[in-house]
Amino acid sequence: TVIKDYLSDIPVRALRPWLLAAVLMIILQALPADWRETLRYDRDALAAGEVWRLLTANFIHLGWRHLLLNLAGFLLIGWLFADEAAPLTWFFVLLACCLASSLGLYWLTPEVAWVVGMSGALHGLFVFGALSWVLHGHGVGWGLLVAVAGKLIWEQTNGSMPLSAEIVGGLVVTDAHLWGAIGGLGAGLSTCIWRRLPARL
């Protein structure tokens, strides 16, 4: 099975860029608190033109526990899906998911004043990876897509998952998960179309 294959064959080479991104997040978390505040998603600051926050907010966290939780999810996604696409493709997918999460909050969830963390982008990366499995003929990808869709529906109707706020140490902004997942879906469909274009031209 696909899961068994990954258990016996960790894609070490494909994971290297993911490990570098993890190191970057650790370095950013070690910065002084006032420095990190200049990187977080802040609605008023964005309105004033500090657009870098749309991206950097995804790489800083409420605290070390929040960071470790997101790093675990990030590296798990990398372990499962890293060799489904080239590193440069993953870079653009990560960028798309980060921006989709932040811009979704800015345009469609105006009540959120500030937020930090990569959970929104993680949902998008997971969707992209699961969709890649589907496109490569791995049926388990459908199950993963159904699972993440179920989680998103729960969050939109019932709020954050039980104990999630206690685990991360702060309020969970569930809309960030939704917008990030949509970004991953859009990136996956766009990649599929792009790959098929040469065959049609």
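Me: How many nonpolar, polar and charged residues are in the lining of the largest pocket?
Reply: This is a predicted model, in which local features need pLDDT of at least 70 and side-chain atom pairs count only at pLDDT 80 or more, while totals for chains, interfaces and linings use all residues. Residues are numbered from 1 along each chain as its sequence is written, and side-chain values use heavy atoms, with hydrogens and water left out. Ala, Val, Leu, Ile, Met, Phe, Trp, Tyr, Cys and Pro count as nonpolar, Asp, Glu, Lys and Arg as charged, and the others, Gly among them, as polar. By these classes the lining has 23 nonpolar, 13 polar and two charged residues.

Me: Which element gives the largest share of the lining of the largest pocket?
Reply: A pocket is an open set of points on a 1 Å grid over the protein atoms alone, with protein on both sides within 12 Å along at least five of seven lines; lining residues have an atom within 4 Å of a point. Helices (H or I, at least four residues) and strands (E, at least two) are DSSP runs, numbered from the N terminus. Here 38 residues line the pocket, and Asn70, Ser119, His123, Val172 and His177 lie nearest its centre. The largest share, seven residues, comes from α6.

Me: What is the volume of the largest pocket?
Reply: Grid points are joined across faces, edges and corners, and a volume is the space filled by probe spheres set on the points. For the largest pocket that gives about 860 Å³.

Me: Which element gives the most to the lining of the second largest pocket?
Reply: This pocket holds about 250 Å³ of space. Its lining divides into twelve nonpolar, no polar and no charged residues. The most, five residues, comes from α7.

Me: Is leucine 88 buried or exposed?
Reply: Leucine 88 sits in helix α7 (residues 87–108). Buried means under 20% relative accessible area, exposed over 50%, and partly exposed in between (1.4 Å probe, protein chains only). Leucine 88 has 55% relative accessibility, so it counts as exposed.

Me: Which elements give two or more residues to the lining of the largest cavity?
Reply: A cavity is a set of grid points where a 1.4 Å probe fits but cannot get out. The largest one holds about 50 Å³ of space. Phe128, Leu131, Ser132, Leu135, Gly188, Thr191, Cys192 and Arg195 line it. The elements that give two or more of these residues are α8 (119–135) and α11 (174–200).

Me: Is glycine 120 buried or exposed?
Reply: Glycine 120 lies in helix α8. Its C-alpha atom is 8.6 Å from that of alanine 100, 20 residues away along the chain. At 2% relative accessibility, glycine 120 is buried.

Me: How many salt bridges does the structure hold?
Reply: A salt bridge is a side-chain nitrogen of Lys or Arg within 4 Å of a carboxyl oxygen of Asp or Glu. Aspartate 42 pairs with arginine 40 at 3.6 Å, N to O. Arginine 53 pairs with glutamate 50, with the closest N and O atoms 2.7 Å apart. Counting every such pair, the structure holds three.

Me: Why are lysine 151 and glutamate 155 separated by about one helical turn?
Reply: Their side chains meet in a salt bridge at 2.6 Å, N to O. Lysine 151 is partly exposed, with 27% relative accessible area, whereas glutamate 155 is buried at 4%. The separation is about one helical turn because the two are four residues apart in helix α9.
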